[in-house]
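Dear colleague,

A summary of the findings follows it.

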Amino acid sequence: MMMAVAGSAVGLGNIWRFPFLAGQNGGAAFLIIYLALVLLVGLPLVLSEFTIGRAAKMGPIKAFEVLAPRTKWKGVGYLNVLVGFVLMGFYSVVAGWTLRFLVDSVAGGFEGMSAAQISDSFTSFTSSVWQPVIYAIFFLAVSALIVARGVEKGIEKFNKVLMPALFVMLILLCVNSFTLDGWDEGMTFLFSPDWSAVTGQTIIDALGQVFLTLSVGMGVLITYSSYVVGDDNMARSKGIVSIIDTSVAILAGVAIFPAVFTFGLEPAEGPALVFLTLPNVFAQLPGGYFLAILFFAMLAIAAITSAISIMEMLTAIFIEQFNITRRRAVTIISVMIGVLAVMCAASSQVFEFFDTLSANYLLTIGGLLIAIFTGWVFNRKQLYDTFTSDGRYATAIYPVFLFAVRFIAPVGIAFIILAELGII
Ligand code: PHE
């Protein structure tokens, strides 16, 4: 299960979303705030979701019914469903871009293309309505097929190969970055903070990114942990997943920013950043043809392992709530997401609205509620027993976790949301 969780965490959020947000928010300052929030808010919430799922052995809505019967807490599960759909709407569109770049790489690569040509071809692709839609739907169909077969079959093995391969690939790209003219500038941008670039928006963006990248705040981890049989040292394995996830984001930054400066691109380019930057690197690299294919294939697969975790969460809920078969649940869910994806592909405003709505609002509110639930509502003895596997593991970390989940995470999130809404 650990690999499936890592597969859910590592996705487009790390390689596509992190660099473009860091680029828009002054680089290093964003990175530092993001790292602090991973530790103070993200990790305690990951552990909360795991404890909830493990104790209840149910998907999000039913899990809250089991742990807090006859209360309104199951509303958190409904919120999770809403985020799942909204997030998948834009996520499948970006995953579709990845597939398109994979096809482009196979068809001839980016050899001999200038930065301007790469940018033109991206713009003409995304501004044609049907092409992005077709790729997004193809992506959804593949994810749906996997979820219909059941997450446990095969996915674990798949992730075991993919994760290390993606890691190695990113390291290669980082080594290559070192040879680029823009290395110094890129590194300064990513690692030496310019605090003047920090605004309230930077902080809310960083918080949203923490939730999105760790797959937390929407019940996906509740669902995955409800499948785990036996117990493990949760604090340790989830700590490792968070470290892997964060390292992938930083490596993506090191792979991308030196190239951004080398090829005269803008760090604040927005959602197209990775797609405009890396093809330039591949275009001038010996063996770039194969590396481009490899990279976009791995990115697509990383996107799939994340998408299926969201679809699995929705599927588990649909099965539990409506008593329908897995296949039927998957079909209904995919069609609904397909409609949202078409809307995102057709309009960049809808796309950006869905992105911000899910990461900066719905996930953060979901996370706030999960923190309050775990810290203040969850039966304390059951919480301790589940978290530590009856006193076997991580007993020393438990008090720290409890403090974080009772005070630091809820106060921190509430503060950031209120500031975002302009109330304080
Ligand atoms: N964590 C995934 C990523 O970084 C996205 C995701 C979000 C997956 C929420 C599941 C739940 O790409």
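How many nonpolar, polar and charged residues are in the shell around the ligand? By class, this shell has 7 nonpolar and 8 polar residues, and no charged ones. Please note that the model is predicted.

The shell comprises 15 residues, of which Ala9, Gly13, Tyr91, Leu212 and Ser215 come nearest to the ligand. At least two residues of the shell are supplied by each of the helices α1 (2-9), α2 (12-24), α10 (200-214) and α14 (288-322).

At Leu12, a backbone N or O atom lies 3.0 Å from an oxygen atom of the ligand. The side chain of Asn14 has an N or O atom 3.2 Å from an oxygen atom of the ligand. For Leu212, which is also among the residues that come nearest, a polar backbone atom is 2.8 Å from a nitrogen atom of the ligand. The ligand taken alone exposes 320 Å², and the protein buries 100% of that. As to its location, the ligand sits in the largest cavity.

Turning to the overall fold, the protein chain contains 18 helices and 0 strands. Its C-alpha trace spans about 65 × 50 × 40 Å along the principal axes. The chain has a radius of gyration of 21 Å, which agrees with the value near 22 Å that a compact globule of 424 residues would have.

Yours sincerely

Technical notes: Residues are numbered from 1 along each chain as its sequence is written. This is a predicted model: local features need pLDDT of at least 70, side-chain atom pairs count only at pLDDT 80 or more; totals for chains, interfaces and linings use all residues. Side-chain values use heavy atoms; hydrogens and water are left out. A residue is near a molecule or strand if one of its heavy atoms lies within 4 Å of it. A polar contact is a pair of N or O atoms within 3.5 Å; within protein, one must be able to donate a hydrogen and the other to accept it, and residues adjacent in sequence count only if both atoms are side-chain atoms. Accessible areas come from the Shrake-Rupley method with a 1.4 Å probe; for residues, only the protein chains shown count as cover. On a 1 Å grid over the protein atoms alone, a cavity is a set of points where a 1.4 Å probe fits but cannot get out, and a pocket is an open set with protein on both sides within 12 Å along at least five of seven lines; lining residues have an atom within 4 Å of a point. A molecule sits in a cavity or pocket if more than half of its atoms lie within 2 Å of its grid points. Helices (H or I, at least four residues) and strands (E, at least two) are DSSP runs, numbered from the N terminus. Ala, Val, Leu, Ile, Met, Phe, Trp, Tyr, Cys and Pro count as nonpolar, Asp, Glu, Lys and Arg as charged, and the others, Gly among them, as polar. The radius of gyration is taken over C-alpha atoms; the globule rule is 2.2 Å times the number of residues to the power 0.38.
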